[in-house]
Amino acid sequence: MAAQSTLVWQTGEIVEASDAADGIRRLVIRPERPAVAPPGSHVDVEVNGLRRSYSVVRCEDGQWTLSVRLAADSRGGSQAMHALRTGDRLRISDPLQNFPLGVGATRYVLLAGGIGITALLAMGATLKRRGEDYTFVYVGRSRPAMAWLRELEEDHGDRLKVHVDDEGTGLDVGAVLNEIGADTELYMCGPIRLMDAVRREWVRRALSPTSLRFETFGNSGAWAAEEFTVSIPGDGRTITVPTNLSMLEALEEAGVEVMWDCRKGECGLCVVRVHEYAGRIDHRDVFLGEAQKTSRICLCVSRVASDGATHPQLVIDRP
Amino acid sequence: MVLDIAQQASVTSKIFAFPLNAWYVAAWDHEVTNKAPLARTVAGRPLALWRGTDGRVSALADACWHRLAPLSKGAIIGDELQCPYHGLRYNRAGRCTAMPAQQTINPSATVPSYPVVERHRYIWVWLGDPDLADPGQVPDMHQMDSPEWAGDGETIHAGCNYQLVLDNLMDLTHEEFVHSSSIGQAELSEAEFEVTHDDKHVTVSRWMLGIDPPPFWRKNMRDKFPGFSGKVDRWQIIRYEAPSTICIDVGVARAGSGAPEGDRSQGVNGYVMNTITPESDRSSHYFWAFMRNYRLDSQSITTQLRQGVHNVFGEDEDMLIAQQKAIDANPDYEFYSLNIDAGGMWVRRILDRMLQAEGR
C-alpha cells in the first residue's frame, strides 16, 4: 500500500493562524513546493530546534491545514507553534504517510479522541465522497475543547456520534465495538489510554487484528534500551549489543551471518532459538505468537533488559 | 502560441494515454460471481474480481503480497480470496487474514483494493486516487437497467488504443463505407451535423429527412409497424461522457411525422450503449449493448438486435485492428483531421485536460 516515508524538507509560510478550540490553534500553511497530503498523512516541522509531527487536517489549493494543541507539559514545541503568526515561515517536511485509509471494507468506523481528530478529519471527507457506509465517533472532554466540531456536524449529520465527558456522555468502548462486523475497519487516533482500551477489547472479542488501524510509531518496547551481551554456543565470543544498535546489527558487525528481510519485527526470518538468558527479554516484534516467545527471539528489534540483579545477557542458537 | 501547438500535438497523439481518475467498466454484472474470481486488466492494472456472500463485488490487485502469484487463480472462501500458491488469504479491503505456518499475521501484508460500483448492469472500478472515487461520477447509462428499455449486448476485446474506438463512434459517416449492407447510406455523409460540448460531454447530432430506411431500420420499423413501407426521417444523436462512454440515440420515424420536433410516436427508437475500457496502450475492452423502447417483451427481437449489432460491430473491429496495425507500421506518419472529426477532436481535448489535471 502507498506509504510515503522519506523525509524531504522545505519551507512553508503561515497564511492563516486562528483559534480552532480551547487551547487549539489552526494553522494554514502554504508550502513552497505544494504536494498532495492524502488522508492520514502528517508533516514534520522544526521549531525552536525541536522536531514535531502534526497530521494534515485538510489539503486544499496547495495549502495544508494543521491543528496544534498546546500541551500542558510542552517542552516548547506546541508553544512555539502557538506563537506563529500570519507571514511567519517555518521548516516543514513534505507529507509523510504511515496511516493510509484503505479501500474495499464493507463498513468503516473512525474513532477520534481529542486532538486525535486531526488524523481522521480528512478520512471522514473521503469516506463521504466515496459514498461509503461509515460512523464517525468523536470523543472529547468538553465541547469548547473539541476542534472542528461544527464542520463535522455539518458534513456528517447522523453519521457523527459525539461523546462529551463533562456532559456525562463519555465513550463506551464496548458499544462502539458492538458495531464491528466482518469486514468493518476501525481507524483510531487519540489518547493512549483510549487506544489501549480499544485494543484490549478488540483482542478480547477476537476481532480481525488487521482491521484495527491506528498510527504506529514503532513498538518502543516494555523497557528502555540497555546494553546487553549475546553469545552463541561454540563461537567462543561474547558480543556486546550497545543501546544504539540492534542485536542483528551487533551480530553483523561481529561477522555473524544472519538471514533477514524486513528488519522491523514483522517477517520472522531472523528469529532464533533462545538457549538461556539473564534479565528480562523485551519482545518488540509482531511476528512471534505468545507461546513462541518463551523459546525464540526476533534479532532485528527485540532486546534483553536488566532485572536489577544481573547484567542482561542472552545465549542463542547460531542464526 | 508555443503552448497551443504543443497541446495540439498531444491532442492528435496516435497512442492516447488514459485518465486514471475515472470509473471504467471491468465486467458485466453476470461475469463476476461467488464461485471463482475473474481476472481482468483495467487501465494497465491486472485485477482479481469476485462477489462476496452478500453479493457485493470487490476488486484486488491480481498479485499476492508475498510472491505476486495471481490471486485470480485462487479460491473464494466465504467473502475472502485465497492465494493459489501458499494459501494467504485476503479480505475485501485487501488485508491479509491468514498466513501459513505462523501464529501471527504480518501487519504490512496488504494487497491494494480498488473502489467498485455496480451500476447499469456493469461492474465499474476506479484505478486512480481513491480519495476522489465519487460514485456520482459513474457515467449515465440508465437505459441499461430501466424498465422502459429492453436489450442486451456483448464485449469486444478490441486490439487497439481505446481512443480509436471513441473516434469510430463519434463520427458515424463511416457507416456508409464500413456497414454498407446494414445501416450505411449515402445520406450519412451528405447530412449536416451539429456539435455541442461542455467540460465532460460532447454531442454530435445528425438528422436525415425523407430518406429510404436502410435494411436494419426497415426491419425495426416493421417490428413495430407491421408491413411498413415508405420514407423515414432518421436521427443519430451521439452523446459522449468523459472519459470513454458514448450513448447514441438512434432511430427512424415515418417521414414528416414530427420526429425532429419531438414527436417520435410514429417511429422506433434505440440506444447504442458503448463504454470503452482501456486495457493497455494497444488494447481495449469494448462493452456495448443495444436497447430499444418498443416491444419490450420480445426476447426474439432482443436476440435479433444483439446479433445484428454484433455483425455490424464485427466490421468495426476488423477496421480498428487494421488501423492499429497501420499506425504501428508507420510510426513516422502523423494523423490529419477532417471536418467530420469535430466530435472526436473535442473528446480528445477533454481527455487531454483530464490527463493534464492528473499531471500526466
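**Close-up views of a predicted model**

**View 1. Where chain A meets chain B.** Together, chain A and chain B bury about 2,200 Å², 47% of it on carbon and sulfur atoms; buried area is the accessible area (1.4 Å probe) that two parts lose on being put together, summed over both. Chain A brings 30 residues to the contact and chain B brings 26 residues, where contact means heavy atoms within 4.5 Å. This is a predicted model, in which local features need pLDDT of at least 70 and side-chain atom pairs count only at pLDDT 80 or more, while totals for chains, interfaces and linings use all residues. Residues are numbered from 1 along each chain as its sequence is written, chains are lettered from A in the order in which they are written, and side-chain values use heavy atoms, with hydrogens and water left out.

**View 2. Salt bridges between the chains.** Two salt bridges cross the interface of chain A and chain B (a side-chain nitrogen of Lys or Arg within 4 Å of a carboxyl oxygen of Asp or Glu). One of the salt bridges joins B:Arg95 to A:Glu185, with the closest N and O atoms 2.4 Å apart.

**View 3. Domain 1 against domain 2 in chain A.** The domain assignment, which is automatic or from a database, places domain 1 at 9–93 and domain 2 at 107–214 of chain A. Their centres, taken over C-alpha atoms, lie 23 Å apart. The two domains bury about 1,300 Å² between them, 63% of it on carbon and sulfur atoms. On the domain 1 side, A:Pro39, A:Val57 and A:Arg58 supply 36% of the buried area, more than any other three residues. One salt bridge spans this interface: A:Arg26 pairs with A:Glu151, the closest N and O atoms being 3.8 Å apart.
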